[in-house]
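User: I am new to reading protein models. Can you take me through one, feature by feature?
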Amino acid sequence: MQDLTPVLFLVGIALLFWLLLVRPQVRRQRELVHLQSTLEVGDEVILTSGVYGTVRGLEDGVAQVEIADGVAIRVARGAVGQVVREVDSPADHDADGTDETDGTTGTAQTRDGEASEEN
């Protein structure tokens, strides 16, 4: 019987690669597709280009996003990167607009759990 150590080492590296890189990426992609398919009119979104806007209309594969008062653009649903929800209340801030706990300005919570800074 030949020495199986190199083969086991390669199998271990492949398994580690799959656990640390491939599996989390597949999970993130699945969550993004779910987020894009569950968009609702009125959701505040961040497009993958970094543009903030509010969903004003939805069709099969297209969303109308208002990016300024009276300015709406049509984008593919796949262009929506995050949906933003406010998590701070005005009572959480000092008179100067900074957070009492960490001194930062208000943050927004995305549906996928990441906090994004609003300036």
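Analyst: Start with the salt bridges. This is a predicted model, and a search of the whole structure finds three salt bridges.

User: What counts as a salt bridge?

Analyst: Look for a side-chain nitrogen of Lys or Arg within 4 Å of a carboxyl oxygen of Asp or Glu. Take R27 and E31: their closest N and O atoms are 3.2 Å apart.

User: How far apart are R27 and E31 in helix α1?

Analyst: They are four residues apart, so about one helical turn separates them. R27 is partly exposed, with a relative accessible area of 40%. E31 is also partly exposed, at 39% relative accessibility.

User: Which side chain does E66 meet in a salt bridge?

Analyst: E66 meets R56, at 2.7 Å from N to O. This pair links distant parts of the chain: E66 lies in strand β3 and R56 in strand β2, ten residues apart. R56 has 45% relative accessibility, so it counts as partly exposed.

User: And which residue pairs with R74?

Analyst: R74 forms a salt bridge with E59, and the closest N and O atoms are 3.6 Å apart. Again, distant parts of the chain are linked: R74 is in strand β4, E59 is in the loop between β2 and β3, and 15 residues separate them.

User: Is R74 buried or exposed?

Analyst: Exposed means over 50% relative accessible area. R74 has 54%, so it is exposed. E59 has 42%, so it is partly exposed.

User: Where is the kink in α1 centred?

Analyst: Look at W18. The kink there is about 40 degrees.

User: Which residues in α1 are buried?

Analyst: Buried means under 20% relative accessible area. In α1, P24, L35 and Q36 are buried.

User: Which residues form the nonpolar patch on the surface?

Analyst: The patch is made of L15, L16, F17, W18, L19, L20, L21, V22 and V26. Together they have about 840 Å² of accessible area. Take L15 as an example. It sits in helix α1, which covers residues 5-37. Its relative accessible area is 49%, so L15 is partly exposed.

User: Now the strands. In which sense do β1 and β2 pair?

Analyst: Follow the direction of each strand. β1 (residues 44-47) and β2 (residues 52-58) pair in the antiparallel sense, over three bridges. E44 stands opposite T54 in β2. The two strands form a hairpin with four residues between them. In the turn, G50 has a positive phi of about 95 degrees.

User: How many bridges join β3 to β4?

Analyst: Six bridges join β3 (residues 62-68) to β4 (residues 71-76), and the strands run antiparallel.

User: What lies between β3 and β4?

Analyst: Two residues lie between them, in a hairpin. G70 in the turn has a positive phi of about 80 degrees.

Technical notes: Residues numbered from 1 in each chain as written. Predicted model: local features only at pLDDT ≥ 70, side-chain atom pairs only at ≥ 80, totals over all residues. Heavy atoms only, no water. Patch = residues over 30% accessible without salt bridge, like charges linked within 9 Å, V, L, I, M, F, W, Y side chains within 5 Å. Areas by Shrake-Rupley, 256 points an atom, 1.4 Å probe, with all protein chains shown as cover. Buried < 20%, exposed > 50% of the residue type's maximum accessible area, 1.4 Å probe, protein only. Bend = angle between axes of the 7 residues up to and from the residue. Pairing = 2+ DSSP bridges.
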